[in-house]
Amino acid sequence: MSYEIKTGNKQAEPLLWTGDFYNEGTGSGDIFDTLKEECGVFGVFGHPEAASMSYYGLHALQHRGEESAGICVANGRDFNYHRGMGLVKEVFDKDKIQSLVGDMSIGHVRYSTSGDSRLTNAQPLIFKYRDGDLAIATNGNIVNEPLIRRELESSGSIFQTTSDTEVLAHLIARSPKDFVEAAKEALQQLVGGFAFLLMTNDKLLVASDPNGLRPLVMGRVGEAYIFASESCALETIGAELVRDITPGELLILDENGLTEDRFAEPQRKALCAMEYIYFARPDSDMNGANLHAARKRMGSRLALEGFVDADIVTGVPDSSISAAIGYAEQTGIPYELGLIKNKYTGRTFIQPSQELREQGVKMKLSAVRRVVEGQRVVMIDDSIVRGTTSRRIVNLLREAGATEVHVRITSPPFKNPCFYGIDTPDRRELIASHQSIEEIRREINADSLAFLSPEGLIQSIGGLSGGEYKGGLCLSCFDNDYPTQVDFGGAEKEGCGC
C-alpha cells in the first residue's frame, strides 16, 4: 500500500509511508542507516506446550527480525502452522496459539531486504514431499544459492519463494536417500553462514554451518530440548543453557531421543563479530562470553586506545550503552544518559521533503539538553556504515548545546559487505571503504574520531580460548578476510537471503 500527497494540481514527493504492517520494507528507506540483522530461530522438541514456548521464545528474539513471524507445530501425524507479517504480538493471539497443537515446533522471526517483504517468504517454509511434511527455518545466508537455484531450475525445479532457504528443500526432495542422509548431502552443498531447524512429522534436525558463522544454542527445560539463536530466549521460558551448537554439527531428535552427528567437519571457527558488537541482546551468552560484559570490555579497551579528555560519556541506545559504561569506568569520566531512544514510533515514516526527513531523526532519538548543554561529550557507538546516522546524532548533540562531540566506535572501520546474513550496503556506500578516518571525522562533523582495533576487539570479547584464528571470529566486514568462498562467477549475493 502506498499513499501520495497532492497539493492542488501539483503532486508532492511520495511517499508518506509504505506498507500495511510495522517495519515493512525497512532498510534503505529507514531514517537510520544502521545494519539490519536477518532472522532468529527457535525450536522445541518434546514439550506439550511447544507452540506457547515458541511464542515466548520468538518474543525474546524479536530484535533479530521485525517483518514477519511464524510457528509450525508437529504432533506426529501432521503440521499445524501460522505465519504472518509484522511483530510476533501482531501475528499471534491466544486463539492462534491454542490451535497449534503438538509437542514439537520450530519458529522464526524475519528481517528481509526491501522488496522481499511478503508472506510467501515468511518462515518456517512448509513443503509437501514424498515422505510427508517438511518445515524449514533458518538464520543466515547461502552464498552459492543463486548458482544452486539456477541449476535446479534448469533441471525442472519450480520455486515458490525468493528465499534462499527453499533451495535446501529442493535438494532434500531430489535425493533418493532417507530424510537424514538426504539432509546431510544437501547441507554439504551449501556455502555460507546458516543455522537451520528442519522438522518433519516425527523428527527435528538442527544444523550449524561448518564455520559457525551464525549463533545457535541448545537448552533444556525438564525433558524437553530447546534450540534458539540466542540464549536470552532460553531464559524467557525458564530453560537451562546446555551448550552452543558446534560448526558442522547435525543434531537429530526423534522417538529415540537426541543423536549427535555431523554433516561436515568443522572448518575455521568464525562466529560473526557483529553479534558481539551490535546484534545480540546484552543478556545473551555466546561461546562462553556474556554480551554485556564483552561490550563493557570493548568500551574499556577503546578508552585505552582512543582516550580523549571530556566532561561526560554517553552511548547511542541501545547497543552501545554497555560499551559507554565501560569507557566511563576506565576513564573516570561520568556516564550520563545523553541520548534517549523513542521505542514507540510505530511505522517507519518517509517524509515528503529532505528537510523534514532530517528533522524526522528526532522521532526516534532525542538528546537530553540539560545533560549535554555546555559539555564536552564522548559519544560511543557500535559502528559507522554510510556515515549519515553518525552525522545526524552528532548534530543532535550539538543542537542540544554540546561544546565538543568526540565519537568513539566499538568496532574497526566497516569496509566490506557481509555475505553471511547481515543486510549491508554495497561496498561503494560504506564510507570507511573509500575515506580515511580523518575524512570520516569531517563528514560526521565530530571533533575527534577513533575506532577500536581488531586486536582490541578480539581481546575484549574473550571467552574464545584455545588459540583460534582471530579469536574464532569472522572479521571480514573489517579486513576482507572471508572464511568461505564468496565468488561464484557472479552468482554470489550479499546480505540476507533467509
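Student: How many disulfides does the count come to in this structure?

Tutor: A disulfide is a covalent bond between the sulfur atoms of two cysteines. The working rule is a pair of cysteine sulfur atoms within 2.5 Å. By this rule the count is zero. Before going on, note that this is a predicted model: local features need pLDDT of at least 70, side-chain atom pairs count only at pLDDT 80 or more, and totals for chains, interfaces and linings use all residues. Residues are numbered from 1 along each chain as its sequence is written, and side-chain values use heavy atoms, with hydrogens and water left out.

Student: Which feature does UniProt place at C39?

Tutor: Treat annotations with care. UniProt positions are given in the numbering used here, feature names are shortened, and annotations may be inferred rather than shown by experiment. The record, an unreviewed entry, places "active site" at C39. C39 is in strand 3, residues 39-45. Its relative accessible area is 0%, so C39 is buried.

Student: Which residues does the "binding site" annotation cover?

Tutor: In the unreviewed UniProt entry, S319, D381 and D382. They are spread over 64 residues of sequence, yet they cluster in space, with a largest C-alpha distance of 7.8 Å.

Student: Where is S319 found, and what does S319 touch?

Tutor: S319 sits in the loop between strand 19 (312-315) and helix 10 (321-331). At 13% relative accessibility, S319 is buried. Contact means heavy atoms within 4.5 Å. Not counting residues up to four places away in sequence, S319 touches I277, Y278, R295 and D382.

Student: What joins the side chains of S319 and D382?

Tutor: A polar contact. The test is a pair of N or O atoms within 3.5 Å; within protein, one must be able to donate a hydrogen and the other to accept it, and residues adjacent in sequence count only if both atoms are side-chain atoms. Here the S319 and D382 side chains make one at 2.5 Å. D382 lies in the loop between strand 22 (376-381) and helix 14 (388-399). D382 has 5% relative accessibility and counts as buried. Leaving aside neighbours within four places in sequence, D382 has contacts including I277, Y278, S320 and T410.

Student: Which side chain makes a polar contact with that of N121?

Tutor: That of T162, at 2.8 Å. The N121 side chain also reaches the backbone nitrogen of S163 at 3.3 Å. N121 is in the loop between strand 6 (104-110) and strand 7 (125-129). N121 is buried, at 0% relative accessibility.

Student: Which residues is K184 in contact with?

Tutor: Leaving aside neighbours within four places in sequence, L250, D261, R262 and F263. The side chains of K184 and D261 are joined by a polar contact of 2.5 Å. K184 and L250 are 66 residues apart along the chain, with C-alpha atoms separated by 8.1 Å. K184 belongs to helix 6 (residues 179-188) and is buried at 13% relative accessibility.

Student: Which residues of helix 4 are buried?

Tutor: In helix 4 (residues 145-154), E145, P146, I148, R149 and L152. To read a face, take the arc of the directions from the helix axis to the C-beta atoms. The buried residues fall within an arc of 160°, so they line one face of helix 4. Their cover includes strand 8 (132-142) and helix 5 (166-174). G156 follows helix 4 and has a positive phi, near 110°.

Technical notes:
Helices (H or I, at least four residues) and strands (E, at least two) are DSSP runs, numbered from the N terminus. Buried means under 20% relative accessible area, exposed over 50%, partly exposed in between (1.4 Å probe, protein chains only).
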